[in-house]
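The following paragraphs walk through one protein chain, from the whole fold down to single residues. Please keep the sequence and the model in view while reading.

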Amino acid sequence: MHLVLGNYLVERWFGELTSKRIRRGSFGSVADLQQAIAEFLAAWNENPKPFVWTATVDSTVQKLSRCRQTLEAIQPGCTLPRREKSEEMNCPVISWTPH
């Protein structure tokens, strides 16, 4: 299993932006929203705090395994890749060819 942890840290930062500035504001225009983001960035950059990934790969894999088991208990077959799912469940594959 290959995890791209850097993307999660970027998403975490955008979560900070969203929760600390965007959700707390009211913006009458796109320019107002852009100004609020610029102000947040300026304040963040005055005292930046890096996000550090603290979970181990093993703990992440275990969590994903538990999630998959739960999903399978709720709806069997839902975690199979699309091709395997349609083959295993005898679902017809519908293709469309433009004329």
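The pLDDT is the predictor's confidence in each residue, on a scale from 0 to 100. By that score the chain averages 79, and 76% of the residues reach at least 70. This is a predicted model, in which local features need a pLDDT of at least 70 and side-chain atom pairs count only at pLDDT 80 or more, while totals for chains, interfaces and linings use all residues. Residues are numbered from 1 along each chain as its sequence is written, and side-chain values use heavy atoms, with hydrogens and water left out.

The secondary structure comes to four helices and zero strands, where helices (H or I, at least four residues) and strands (E, at least two) are DSSP runs numbered from the N terminus. Along the sequence this gives the pattern α-α-α-α.

For the chain as a whole, the accessible surface, calculated by the Shrake-Rupley method with a 1.4 Å probe, comes to about 8,700 Å², of which 57% belongs to carbon and sulfur atoms. Of the 99 residues, 9% count as buried; buried means under 20% relative accessible area, exposed means over 50%, and partly exposed lies in between (1.4 Å probe, protein chains only). If contact is taken as heavy atoms within 4.5 Å, then among contacts between residues at least 6 apart in sequence, 41% join residues at least 24 apart.

Rings of Phe, Tyr and Trp (its six-membered ring) pair if their centres lie within 6.5 Å, and planes under 30 degrees apart count as stacked, over 60 as edge-to-face and the rest as tilted. A search of the whole structure finds four aromatic pairs. In one of them, W13 and F14 have ring centres 5.3 Å apart and planes at 85 degrees, so this pair is edge-to-face. W13 counts as buried because its relative accessibility is 17%, whereas F14, at 44%, counts as partly exposed.

Which residues does E16 touch, leaving aside those up to four places away in sequence? They are R21, F40, W44 and F51. E16 is found in helix α1 (residues 5-22) and is buried, with a relative accessible area of 9%. By contrast, S26, in the loop between α1 and α2, counts as exposed at 72% relative accessibility.
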